[in-house]
Amino acid sequence: MQDVSQGQLRVRIWPRHKKRRRTIAEKNREQWFTDAQFLSKNASPDTQKWALTTTADTPLLPRDIMTMWFAGRLFSLQNQTGKRYYPMAFLKDVSESLDVFSQTEGDTLIRGSQYWEGKSFQDLVYGDLGFARVHLTGYFAVQNTGWQQMKYDTVQDDPKGWWNSTDRTFDLTTPGLYLLNARVRTGSASMKAFGWGSNSAVFQAISADTGAANIALGGMVFLYVGAGGLKVSPWVYGSATRTCSTGTFDTYCQLFGPVLPEEYV
Amino acid sequence: MSFGASGQIGKGIVMGNWRGVKYARSYVKPANPQTNAQQANRALFAFMREMWKLAPSIVADAWNAFAAGRPFTGMNKWVGENVRVIGSATDLQDLIGSPGARGGLPPSAFAAVTGGGSGEINVTFTAPTPPAGWTIAKAQCFAVHDQDPHGIFDGVFIANEDSTSPYAITLTGLGSAKPCVVCGWLKWTKPDGSLAYSVSLLDTATSGA
């Protein structure tokens, strides 16, 4: 044959037309496409009518939209009630596009100053959300001396290292609002009141008043920690010397927070 | 520049024209393997071509409509589609009677039952709700004797149509008590006046004794 290559007329043998061997994936895709066209033609008349109506006045053909549907690439289907159904392929696409902002499981998307950002729950709450649980294991007796600090002695959970075993308090340094729940139990009456202490002084009662008696004491309180931090511990008011029951069921204290950042308190 | 040529130059180049498509290809010595599979395939092609020759215009029109404007004929499509679906079958119960053309909607239901008279089969169509502006021009169907497609086509090729709802057709002349395959489809008139054909649905029935 004769042809022109780079401006030069040349005579060469007729090129052998050797078709590239198709890959299995290519063959599968072609077969899928053939099957999809066959299926779209043989779909129920209602389905074909829907495709016809949907593509009316658009450049799409009914078979196009049905092929998109079979491939999971149709954006959505809307039923008579208006509810839309989205294919898994599109959910996957949208999910992967959101991975641009965060790929950490559990993150929440928030609008930052410039872009959307992925934030953990801890970051959203104030960046240092934690909890701790302590209870009484050893001997401790409430004295008949008015308000006194409960001396819990055993740490059950304390991932943030709040518990100070020396002065038996939670040393909280992140400002915000915390939730404290505690209970103290003795084997007999003469317990009067329960509260919590701030920096080595009783600050707020949780249970009944100091004038009440014969009550198992405990409760829950929101407590505020300011910028300077706070040493937090439960306090109890006794009217006689009473030994406290021990264990996680009877005499315990647990703390969670900050449940609200300082600026919202 | 364009030129036309047809024929063979030595054993090197073959040039020709097929339905307006000019081509030139290298010469290939024809292969003739004569295997059982090849013989069966030839028999199937012969069978389908024979059916096409006997097909009434009601049948051929649907296939020719599909091929209109494309570089193949209705017969090419008839043979190609049916060879694909009944290539290894020993009966005609997957036969495609109409390939569908220009988006015609198929019947909602189609049934063929033994007719009251000898050699008769009664066919009924349930029409779908048409799209806006579409109307059913005709319900069309045909019946042939069910048989192995790897041989000589045997029997008659009977077709008929009905343009009035409810669409019910009696096919006659099928012979007494013959197992038949019956294909039916709808011919539509679209809003622009053009015709469209649905794909065919198939049922089996025995002709009246």
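The crossing of α2(A) and α3(A) is right-handed. This description, like the rest, comes from a predicted model. The two helices, α2(A) and α3(A), pack at an angle of about 110 degrees, and their axes lie 8 Å apart. Angles of 65 to 115 degrees count as roughly perpendicular, so α2(A) is roughly perpendicular to α3(A). On the α2(A) side, the contact is made by Gln48(A), Ala51(A), Leu52(A) and Thr54(A). On the α3(A) side, Pro62(A), Ile65(A) and Met66(A) take part. By class, the contact of α2(A) with α3(A) has 5 nonpolar and 2 polar residues, with no charged residue.

Helix α3 of chain A spans residues 62-70. Its buried residues are Pro62(A), Met66(A), Thr67(A) and Trp69(A). These residues cover an arc of only 155 degrees around the axis, which puts them on the same side of α3(A). What covers the buried residues of α3(A) includes α1 (24-41) and α2 (45-54) of chain A. Pro62(A) and Met66(A) are among the buried residues, and both also belong to the contact with α2(A). Just after α3(A), Gly72(A) takes a positive phi of about 75 degrees.

Further along chain A, Val221(A) is found in strand β16, residues 217-225. Val221(A) has 18 C-beta neighbours inside 10 Å and therefore counts as partly exposed; the cut-off for a buried residue is 20 or more. Val221(A) and Ala182(A) are 39 residues apart in sequence. In space, their C-alpha atoms are 9.0 Å apart.

Chain B has 209 residues, of which 34% are buried. Its secondary structure comes to 3 helices and 12 strands. Among contacts in chain B with a separation of 6 or more, 65% join residues 24 or more positions apart.

Helix α3(B), residues 74-86, packs against α1(B), residues 36-54. The axes of α1(B) and α3(B) come within 10 Å and cross at roughly 135 degrees. The two helices are therefore oblique to each other. The crossing of α1(B) and α3(B) is right-handed. From α1(B), the contact draws on Leu44(B), Phe45(B), Met48(B), Arg49(B) and Trp52(B). These meet Met75(B), Trp78(B), Val79(B), Asn82(B) and Val83(B) in α3(B). The contact of α1(B) with α3(B) divides into 8 nonpolar residues, 1 polar and 1 charged.

Helix α2(B), residues 57-67, also packs against α3(B). Here the axes come within 7 Å and cross at roughly 105 degrees. The helices α2(B) and α3(B) are therefore roughly perpendicular to each other. Ala60(B), Trp63(B), Asn64(B), Phe66(B) and Ala67(B) are the contributors from α2(B). Their partners in α3(B) are Gly74(B), Asn76(B), Lys77(B) and Trp78(B). By class, the contact of α2(B) with α3(B) has 5 nonpolar, 3 polar and 1 charged residues. Trp78(B) of α3(B) meets α2(B) and also takes part in the contact with α1(B).

The two chains also touch. In chain B, 12 residues are in contact with 11 residues of chain A. The side of chain B that touches chain A divides into 6 nonpolar and 6 polar residues, with no charged residue.

Methods. Residues are numbered from 1 along each chain as its sequence is written. Chains are lettered from A and ligands numbered from 1 in the order in which they are written. This is a predicted model: local features need pLDDT of at least 70, side-chain atom pairs count only at pLDDT 80 or more; totals for chains, interfaces and linings use all residues. Axes are lines fitted to C-alpha atoms, for helices over the stretch in contact, and angles run from 0 to 180 degrees between N-to-C directions. Helices (H or I, at least four residues) and strands (E, at least two) are DSSP runs, numbered from the N terminus. Angles under 35 degrees count as roughly parallel, over 145 as roughly antiparallel, 65 to 115 as roughly perpendicular and the rest as oblique. A crossing is left-handed if the near helix is turned anticlockwise from the far one by less than a right angle, and right-handed if clockwise. Two residues are in contact if their C-beta atoms, placed from the backbone, lie within 7 Å. Ala, Val, Leu, Ile, Met, Phe, Trp, Tyr, Cys and Pro count as nonpolar, Asp, Glu, Lys and Arg as charged, and the others, Gly among them, as polar. A residue is buried if 20 or more other C-beta atoms lie within 10 Å of its own, exposed if 12 or fewer, and partly exposed in between; C-beta atoms are placed from the backbone. The arc is that of the directions from the helix axis to the C-beta atoms.
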